[in-house]
Amino acid sequence: MTNGIRGYTFVRNMKSRIIVDRNQFIAETDDRLFSSFIEHLGRAVYGGIYEPDHPEADDQGFRKDVISLVKELGVDLVRYPGGNFVSGYNWKDGIGPRSSRPVRLDLAWHSIESNQIGIDEFYDWSVKSGTKILAAVNMGTGLPREAGELVEYCNFPGGTYWSDLRKKNGHEQPYGIKTWCVGNEMDGKWQTGHLEAADYGKKARETAKIMKWIDPSIELVVCGSASSDMPTFPEWDRTVLEYAYDSVDYLSLHRYYENFNNDTDFLASWANMDHFIKTVTAAVDYVKTLKRSERTVNLSFDEWNVWYQQNQKEHDWMSAPPILEDHYSMLDALVVAGLGLTLVNNADRVKIACLAQLVNVIAPIFTEKGGRAVRQTIFYPFKDISLYARGTVLRTCVQSSTAETKYGSVPVMCSAAVVSRDGQFVTVFCLNTDKKDVHETQIDLSSFGKAQMISWQELSNHDMNAKNTCDAPDTVVPSVKECTGGKNGVFEVYVQPLSWNVLRFSI
Ligand code: AHR
């Protein structure tokens, strides 16, 4: 049998096997693994979550249609306010009467920042959208003292200057923000106030001390490398931790992938992410041993996605420029699916992960000014993983053909299996990156004794360039496949080439 996928011809009958052993635990997923990111960048805030003259705007100017899509994604934390933006941001510009807030130049994104949204409004939005804030403090132009003042403003109950100012500004109760990023990508020369590793390590340690003295219940993320491609990786990570290990709880990882006209390499991005996570884990554990520490620092993959950085263009100074507005294809959705599964399979060390970002800026949700909001293709794999990967991750043994890529020989099948928290279901996620072959796949759940397939959802399209637009929002949407009966807990399914599959079983 043949069919066409953007010029590829595929034939039936490659065999694959996914074995799931109910006794092979990786970890319980942390809800924060299903997090995202809103930065003061482009139209993420202004024209994204906030558009006061939009017909769907609520009494605070937040778009209700966007809120409902954020809820549909099941996002846990939302990292805020940056990103590169935070390294030049004075959080005090964004509080108090709006009419007296200063308009500033945002040097990170060559933009004009009106400061109409600040921490108080964003807190309200987080409540409305059912999310929590992963707050970031400025380690570029900002001082440790100012980071502490922000913790006091947000989390201290009252009776002090900053906490009483929060009350005066309309919020009697503290925000209780539990997780904080101590800066952003401080290894990057593009970062406002970039530092060398030792300088940042010391500054982060002293900032962390102040922040935790004000609220000992908070957890802190220290900046790791901005990418595994950084020339200073992984020495940066080791050095920073040698100063800050005892004061922080997580080390950050950031990584974006884009297609440089080689679909095979692009589809194997997940293998590179896996290697990155394992390498960073080794660096963290090296420092742990060096310090004879009892505590384990875990990982916060607080920026990940597909991002076509090659498409970025210069623009004039303006408010909310329409920048980084990638329109994602079916192919991009497959890559995002593989990255999401890799985070799940590393849930023993990755506790926080943020799809960067959430609205308009390299995002699963796209909005028209004054108009519609659309689910981009990448919306679906994120939603599937967010919905069904909460629970106990089991190690899957995947047997499939491999593809030769710049990351080495990579299995064309990528999988993860998660038992739901109530113990009643196991979800097997299955990504087929094979460009030609349908895979006759055995899903072996025999270790569960009895299992019954209850649903199978597939995301695929004959055109890997297919995208969802405002006029054609349902070009790439999941479809329901027919369930098959198993034999002794082994299920035979035909997995389409270039497809993303979510198979659920009652156990
Ligand atoms: O998410 C876009 C940008 O990517 C962030 O501002 C920065 O941290 C990263 O380089």
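I took a helix to be a DSSP run of H or I with at least four residues, numbered from the N terminus. The model I examined is predicted.

**Entry 1: Asp65**

I looked up where Asp65 lies and found it in helix α1, which covers residues 64-73. Is Asp65 buried or exposed? I noted that Asp65 counts as buried, because its relative accessibility is 16% and the cut-off for buried is under 20%. I then examined its side chain, which makes a polar contact with the side chain of Arg63 at 2.7 Å. Setting aside neighbours within four places in sequence, I listed His54, Glu56, Gly371 and Ala373 as the residues in contact with Asp65.

**Entry 2: Helix α5**

I turned next to helix α5, residues 197-214. This helix has 18 residues and spans 26 Å from its first C-alpha to its last, close to the expected 26 Å. Which residues of α5 are buried? I recorded Ala197, Tyr200, Gly201, Lys203, Ala204, Thr207, Ala208 and Met211. I recalled that an α-helix has 3.6 residues a turn, so residues three or four places apart point the same way. The elements covering the buried residues of α5 include the strands β8 (132-137), β9 (179-182) and β10 (219-222), together with the helices α3 (144-155) and α6 (235-244).

**Entry 3: Cysteines**

How many disulfides does the model contain? I found a count of 0. Cys483 is in no disulfide, and the nearest cysteine sulfur, that of Cys430, is 15 Å away, whereas a disulfide needs the two sulfur atoms within 2.5 Å. I also noted that Cys483 is partly exposed, at 31% relative accessibility. Cys470 is buried, with a relative accessible area of 14%.

Notes:
Residues are numbered from 1 along each chain as its sequence is written. This is a predicted model: local features need pLDDT of at least 70, side-chain atom pairs count only at pLDDT 80 or more; totals for chains, interfaces and linings use all residues. Side-chain values use heavy atoms; hydrogens and water are left out. Buried means under 20% relative accessible area, exposed over 50%, partly exposed in between (1.4 Å probe, protein chains only). Helices (H or I, at least four residues) and strands (E, at least two) are DSSP runs, numbered from the N terminus. A polar contact is a pair of N or O atoms within 3.5 Å; within protein, one must be able to donate a hydrogen and the other to accept it, and residues adjacent in sequence count only if both atoms are side-chain atoms. Contact means heavy atoms within 4.5 Å. The expected span of a helix is 1.5 Å times one less than its number of residues.
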